[in-house]
Amino acid sequence: MTKSKPLWGMGRPRLEYTQLPARIERPEPIRPAGPVTLLHLRPAEGKAIPAVKIGETVKTGQKLALYGNGDYVTSPVTGAIAALAPFPGSFDRNYTAVAIAPAPQEVFDDALSAVHRTPSLAAAADFLAAGPGAPGLHRLTAAERPIRTLVVCGVDQDLLVFTQQYVLGARMPDIQKGIRILKQIAGLEEVVILTRKEAVQGFGHIVGRVMGVEHGYPSALPPLVMAGLFGRVVPAGRTCEDLGFCFMSAEAVASVGTAFGTGRVPVNKLMTVILKDGLARLAEAPIGTPVADVLKHFGAATAEGDRIVIGGPMRGTAVYTPDHPVQPDTDAILLLDAAAAAHVSDYPCINCGECVRVCPARMQINLLVRYLEAGKFEEAEESYDLDACVECGLCSYVCVSKIPILQYITLAKHELARMRRAESPNA
Amino acid sequence: MPDRKKLVVAFAPFWHNGNRITDRSLQIILAALPAALIGVYRFGTPALGVLALAVSSAVLWELAFNRVAKRPVSVGDGTAAVIGLLFGMMLPATLPWWAVVTGTFLAIVVARQIYGGVGANTFNPAAVAVAILMLAWKQRMDVDAALVNYAFDFPAAFPLAAVKAFGNSAVKDLSLMDLFLGRQVGGIGTIGGAALLAGGVYLVLRGVIRWEIPVSFLAGMAVTAGIFHAADPARFAPPAFHLLTGFSLFGAFFLAPEDSSSPVNFIPMLIYGAVVGSIAVLIRNIGVFAEGLVFAVLVGNLIQPLLDKIRPKALGKVS
């Protein structure tokens, strides 16, 4: 979709986050039509043999740890494992796709219910890593960088998406329960709830300090929230966790609350679905449901050359198959018509400086992109602040030459990380 | 999977604001046209011939170079046409055809394509071409000599040459309003101050050029001219005269802000504009040329990479 800039205007583009529309009352429940698929990260080294076999039966909420390295996925249905297949992801990530054919009778796994009355960080990390909202609880357990502040994101990070806004409004009791549990088990000093700026006053007596985020994109991205609301600038190349802050989506916190409240691992993911008509819907489907099932539910047909984007228009990821499953962090599904999607070109930078003026990280992108195009990633980091990028995508959005700047930046960061990983054992 | 459709995989973002190089070129041409038309009205068909030849030969040189270098044809982006038009607008109306074609060759091939094409030129191509022609064919580029066969209903001397030769008294009686409305001689497209100002403001409002460069350019010019005028009012013309004659407004809005050869950061843009504006006045007042603004632009282009080192600290950077 090409959003044209206003006819007159010297300023930066005004892209604003979407507010939860009043017409959305509840999500539409979607059931998978066939098998669900879970993507289990495959270890990079060696030929790992999955610890489960085809035909094995699993219960709803059961942990499936395929490689015994701490990673696991959670079965969202009761059924039998129908297939195990390699699934290539982007940026060197490889998955094993575990297909589970649902059985008519749903049986819940009782492993969590045995321990849910005595919440602990270990239990949370043991059951909820693949829960809706992808809580990323391992971030709370790292001893070398203790987390003092939990930031509950009740705002969405990308345009058009209102999943987290809905969760913040509709599931406050679960969020409050989750906050209390997390405070208790992780020893947090402070909890901050992020909401849209105008909604700050609308909260009653709750646990956590409420802070308002500006409507202009990309002010809801964690590094910019850190700088704008907390006055703590994350040093380039470091993370919010290094400063003792942990950003978690409202849905993830609600998952924690639900899990320890009911003893059952939540398995349904909430997401904004934006179809070609530009109209957004809210859907709730088990994790692992193929995107095709979600689209079919809304009667959306894909045509040759369309794009299915997991996430929003600025930061999402286009997938190559409609069978791609809904993942724990899939906040949105965006279906883009072939004619409406933005295209890139191989034109050179004309040095107009639009990117420089729009960059929230104040990077010298006009010079940076010259190094990135030439593959000089180390120089790009040393001299042109590659590691300061917050990956908002505004540079590509305004680029007159339609250079895929964000893609270059992401690739460069990935390659540098890969090089360092390869060098570190020899250092 | 019989009816499986192929999806396109691409990288984020999936939106674009629709800016295109071709649009920018068209905006610049649109903004420059009123001033060019004033020149055609003032100097007649020879001016129209020079402009048409400049634009067409620039486009053809671009196409020829694309072919010779076996590179994709880049005529469609309109940048060659812009360079041709801006180059033509600085020429005297009677310049012979071979000089025009040589000039566009210098602009397109020498000043731009051998540096790497669009976006890679260190110097403003139109300014380079005019500078070389001024050095090579001094007589042909001399406005007074070129327009000797014209009859005008206003003083028909190039104002900057007059003030250089005879001091401020020679131009004291010129009405500033006449100068502003194009009742003066000069390069074809550079005499219509009002049209240039309107075109420039249009480009700024449309976001094609940055306001910092023209504003600091004109300020630098006015301040420098003011200092000279205060020091010796008999010899040096006042700032308003400098702003309304020669290539001043044309340079401020169409030469100095050229994308590739001008800085992009706030403070560097201010310094760049001010440097170019003040050097232009220095050349006019104490240099060899009556109008040496293109050389000032080239000096600004030269220091541009250095200026862009002055940049804000990136987010999260301490050193």
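Two strands count as paired when DSSP finds at least two bridges between them. Keep that cut-off handy for the exercises below, and remember that this is a predicted model.

**Exercise 1. Work out how the strands of the open sheet in chain A are arranged, and which of them stand at the edges.**

Step 1: Start with one pair. Strand β8 (residues 149–153) of chain A and strand β9 (residues 190–196) of chain A share 5 bridges, and the cut-off is at least two, so they pair. Their sense is parallel.

Step 2: Pick out a bridge in that pair. L150(A) has V191(A) as its partner in β9(A).

Step 3: Helix α6 (residues 250–262) of chain A lies across β8 and β11 of chain A, and runs at about 85° to β11(A).

**Exercise 2. Trace the partners of strand β6 (residues 79–88) of chain A.**

Step 1: One partner is strand β3 (residues 57–58) of chain A, joined to β6(A) in the antiparallel sense over 2 bridges. In this pair, T57(A) sits opposite A80(A).

Step 2: Another partner is strand β7 (residues 94–102) of chain A, again antiparallel, over 9 bridges. Here P86(A) faces T96(A).

Step 3: Find the turn. β6(A) and β7(A) make a hairpin with 5 residues between them, and F91(A) in the turn has a positive phi of about 55°.

**Exercise 3. Describe how domain 1 and domain 2 of chain A meet.**

Step 1: Get the bounds. The assignment for chain A lists domain 1 (32–102), domain 2 (121–262), domain 3 (266–336) and domain 4 (354–426).

Step 2: Take the distance. The C-alpha centres of domain 1 and domain 2 of chain A are 28 Å apart.

Step 3: Count the contacts. In chain A, 4 residues of domain 1 touch 4 residues of domain 2. On the domain 1 side, that's 2 nonpolar, 1 polar and 1 charged residues.

**Exercise 4. Work out how helices α2 and α3 of chain B cross, and what their contact is made of.**

Step 1: Helix α2 (residues 45–68) and helix α3 (residues 79–89) of chain B have axes that come within 8 Å and cross at roughly 145°. The crossing of α2(B) and α3(B) is right-handed.

Step 2: Find the residues. Among those from α2(B) are V50(B), L51(B) and E62(B), while α3(B) supplies residues including I83(B), L85(B) and F87(B).

Step 3: Sort them by class. The contact of α2(B) with α3(B) has 11 nonpolar, 3 polar and 1 charged residues.

**Exercise 5. Say how chain B touches chain A, and what scores the predictor gives.**

Step 1: Count both sides. 39 residues of chain B contact 61 residues of chain A.

Step 2: Find the elements. On the chain B side, α1 (21–43) and α10 (193–205) are the ones that give two or more residues. By class, that side has 20 nonpolar, 10 polar and 9 charged residues.

Step 3: Read the scores. The complex gets an ipTM of 0.91 and a pTM of 0.92. Chain B averages a pLDDT of 93, with 99% of its residues scoring at least 70.

Technical notes
Residues numbered from 1 in each chain as written. Chains lettered and ligands numbered in written order. Predicted model: local features only at pLDDT ≥ 70, side-chain atom pairs only at ≥ 80, totals over all residues. Axes fitted to C-alpha atoms, helices over the stretch in contact; angles between N-to-C directions. Helix = DSSP H or I, 4+ residues; strand = E, 2+ residues; numbered from the N terminus. Left-handed = near helix turned anticlockwise from the far one by under 90°. Contact = placed C-beta atoms within 7 Å. Nonpolar A, V, L, I, M, F, W, Y, C, P; charged D, E, K, R; others polar. Domains from an automatic or database assignment. pLDDT = per-residue confidence, 0-100.
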